[in-house]
Protein chains: 2
Amino acid sequence: MNRYDYVDLKYTPSHDELIAEYYLEPAKGVRLEKACAHIAAESSIGTWTKISTMSPQIAHKLKPHVYSIKKGFGARSGIAKIAYNPELFEAGNMPEILSSIAGNIFGMKDVENLKLLDIHFPPNIMKKFKGPKYGIEGVRKLLKVKTRPLCGTIVKPKVGLNEEQHARVAYEAWMGGLDVVKDDENLSSMSFNKFDKRIALTLKLRDKAEKETGEKKMYMANVTAETDEMKRRADYIKKCGGEYFMIDILTVGWSGLQTMRNYDDKLNMVIHAHRAMHGALTRNPRHGISMMTLAKCARLIGVDQLHIGTAAVGKMYGSPDEELEIEHEIEEHAFHPVHGSHTLEQEWHGIKPVLVVASGGLHAGMTQKLIKIMGKNIVAQYGGGVHWHPRGTRYGAMGVRQAIDAATAGIPLEEYAKTHTELREAIEKFGVPK
Amino acid sequence: MNRYDYVDLKYTPSHDELIAEYYLEPAKGVRLEKACAHIAAESSIGTWTKISTMSPQIAHKLKPHVYSIKKGFGARSGIAKIAYNPELFEAGNMPEILSSIAGNIFGMKDVENLKLLDIHFPPNIMKKFKGPKYGIEGVRKLLKVKTRPLCGTIVKPKVGLNEEQHARVAYEAWMGGLDVVKDDENLSSMSFNKFDKRIALTLKLRDKAEKETGEKKMYMANVTAETDEMKRRADYIKKCGGEYFMIDILTVGWSGLQTMRNYDDKLNMVIHAHRAMHGALTRNPRHGISMMTLAKCARLIGVDQLHIGTAAVGKMYGSPDEELEIEHEIEEHAFHPVHGSHTLEQEWHGIKPVLVVASGGLHAGMTQKLIKIMGKNIVAQYGGGVHWHPRGTRYGAMGVRQAIDAATAGIPLEEYAKTHTELREAIEKFGVPK
């Protein structure tokens, strides 16, 4: 089989094929079409030379089709779409799917740069994944918050407090009006803050805060570890009355995440996904794997909440357009790309929507802008934006909750601040971005 | 705490600190020193604003020190070394360690590009990891091959053969003289090639090949999947008499890999690590995570064999200098950097050495060059370079084994080919690169 045979610009993918979309820059001296063909080959059935063990039957049945090659934004670059026979994959095995279409190809000499922009999952592959157990509706029902954005904080400093201090900061945040409190991504079980003790103490104060406020309060405890230990930690949270566990999905990896989603069929807990390390893959527009791709994989496996950024409102790099597209993709039942988008059509076939999490450098003054851009179906998380308050976490939290209430009611923050001291203090400190 | 406090160029790290080395390009308008300080903060105890929950005691005890900032290769770029108090980490928890020092920082607005070049692991963190069970010596003992390079193939096409065809191709490769046969990275359990059936049939023919050749033969079966299913698959291989399992370590992820290494204490099998997807992280010299870092993490967790490239001899992109440095790092008991290297000093404290795997576009004619560059402590794997032979896999394998024997004996391939038909055929087809 000639490797150019992989390119067929007249080919129409069938509805059961998996489609991958790539941005690529061929290596010097390599034609774009040839590079596309080599990507298709290396991600499926091909190798660098003709082999005696390949048969025309196998090639005919399984070879993928590069069916679209458009000009990319870089010099000599292209955007290619490749349709793959679903039998090339083990449905339900995310590591295997990625080893194929996001594996060796990133190391090929034939390309200088390569970015996986999106994957369209066909129904028969999709149905082997579980998707979120709760999703947006389930989380809202659990928290008894119908329409407003959920608000929360991350216990800060990221690492450094002992168990009692940690639980106390969480309590103060809940008492100030926040719905959820989470561990930071690098807090697991430290010498001075052991997992089990922290969970027990924090959930005890969660109960106290619920009683005192009459509101549902959630603690999103970070179980990030080796898989069996993650199971044990999730069991322990459940035993202490917790309803959430949190995973750093990229440093843990897809296999461990799938295992925890399966295990959750026993626990029935909400899964909160932190994306630490994503920027190593997603940030370069010319190389790596897009956040859209990672977000879709996470929804398919079944996280209930996922960090996607703050639409550039906060401290992290981000493209508002891209993040909104990701929000639409993972919060809706289908995604229909608009003109100019590099995101593929996707029906979600009953896989539940994921609640997006906005986090990273947020303060109360940003709330209205954030909601205006991202809508109300978010968890807005403020770290330093809560704990900055000189009188303590509770007062920072009050300012944030006031901002959420004001923004939900459509009242300008500056207006609401006239009668709400803590919001006024936050605005005096940080301002209100336009 | 002023965030600039993280920089102290007079600081000398203590021997128990973890050190991370980064290449970075600050964002426009951000000073290099400030960007370094922000990386140190975001990867440990800091956030974007002063907070009431931080105490001078915590800051004093736990804050990391940026103790070296040198000029990088790019404009306005730098190379920074940061020393971290080991209490910032959960020793033995690789996902947590990476969530700290390879997590959020890749998404910070303050940097345009950021690459984690290396991690120096201190003894107290190192000793919580298991390291390889077999390592180089263990693998050589198992295979009864004392000094020559091990040679092997990947069953090709990558995906497409049924179970019987797969087992037959493996048998032919062993009969041609190869030591090891492996699944390709995207072969797991397919509709037309089910895992269990493939394993049973292939190991049966492995036994036959051992009997007929009098040599030890190994089958490296790919268990890549969700963690519990990986355990089941490894159990099944063991039950069928297999001695190896293979994992796509990056698409599986660190958590699943650690789980399988722990589980292997029961199975006592050799772990072969494939690095599919690494290029998405490693390839860009200015952003992501270096292959050196990934290789060290894999050794620490405990893979016995790891793909590191072919020193640019084969089809994959690679820098020979970098790959040789990685080889030294993971095959030796200590690494002492030479001048100009961006790799940190590392003692391995009894953690066993990993056997490196050279794979990707190799053919028999490349063998001498490959061994000259990479030495004899390698597994040289030829895919298309075995199955290309028009008379079939066995003859391609014979050519490869002849090349290995010649190179080991120091006989030029062209010389040896005069009396060895299959090597001659391979050289006639592909040549001998200078």
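The model is predicted.

**Interface of chain A and chain B**

- The contact involves 96 residues of chain A and 95 residues of chain B.
- The interface holds 6 salt bridges.
- Arg233(B) and Glu90(A) form a salt bridge through their side chains, with an N to O distance of 2.7 Å.

**Helix α10 of chain A against helix α8 of chain B**

- Helix α10(A), residues 254-267, and helix α8(B), residues 227-239, have axes that come within 7 Å and cross at roughly 105 degrees.
- Angles of 65 to 115 degrees count as roughly perpendicular, and α10(A) and α8(B) are therefore roughly perpendicular to each other.
- From α10(A), the residues in this contact are Ser255(A), Gly256(A) and Thr259(A), which meet Thr227(B), Asp228(B) and Met230(B) of α8(B).
- By class, the contact of α10(A) with α8(B) comprises 1 nonpolar, 4 polar and 1 charged residue.

**Helices α6 and α7 within chain A**

- Helix α6(A), residues 163-175, packs against helix α7(A), residues 195-213, at an angle of about 25 degrees, and their axes are 8 Å apart.
- Angles under 35 degrees count as roughly parallel, so α6(A) and α7(A) are roughly parallel to each other.
- The crossing of α6(A) past α7(A) is right-handed.
- Residues of α6(A) in this contact include His166(A), Tyr171(A) and Trp174(A), while those of α7(A) include Leu201(A), Leu205(A) and Glu212(A).
- The contact of α6(A) with α7(A) has 8 nonpolar, 3 polar and 8 charged residues.

**Helices α6 and α7 within chain B**

- In chain B, helix α6(B), residues 163-175, and helix α7(B), residues 195-213, pack with axes 8 Å apart at an angle of about 25 degrees.
- This angle makes α6(B) roughly parallel to α7(B).
- α6(B) passes α7(B) in a crossing that is right-handed.
- Among the residues making the contact are Glu163(B), Arg168(B) and Met175(B) of α6(B), together with Lys197(B), Arg206(B) and Thr213(B) of α7(B).
- The residues of the contact of α6(B) with α7(B) comprise 8 nonpolar, 3 polar and 8 charged.

Methods:
Residues numbered from 1 in each chain as written. Chains lettered and ligands numbered in written order. Predicted model: local features only at pLDDT ≥ 70, side-chain atom pairs only at ≥ 80, totals over all residues. Heavy atoms only, no water. Axes fitted to C-alpha atoms, helices over the stretch in contact; angles between N-to-C directions. Helix = DSSP H or I, 4+ residues; strand = E, 2+ residues; numbered from the N terminus. Parallel < 35°, antiparallel > 145°, perpendicular 65-115°, else oblique. Left-handed = near helix turned anticlockwise from the far one by under 90°. Contact = heavy atoms within 4.5 Å. Nonpolar A, V, L, I, M, F, W, Y, C, P; charged D, E, K, R; others polar. Salt bridge = Lys/Arg side-chain N within 4 Å of Asp/Glu carboxyl O.
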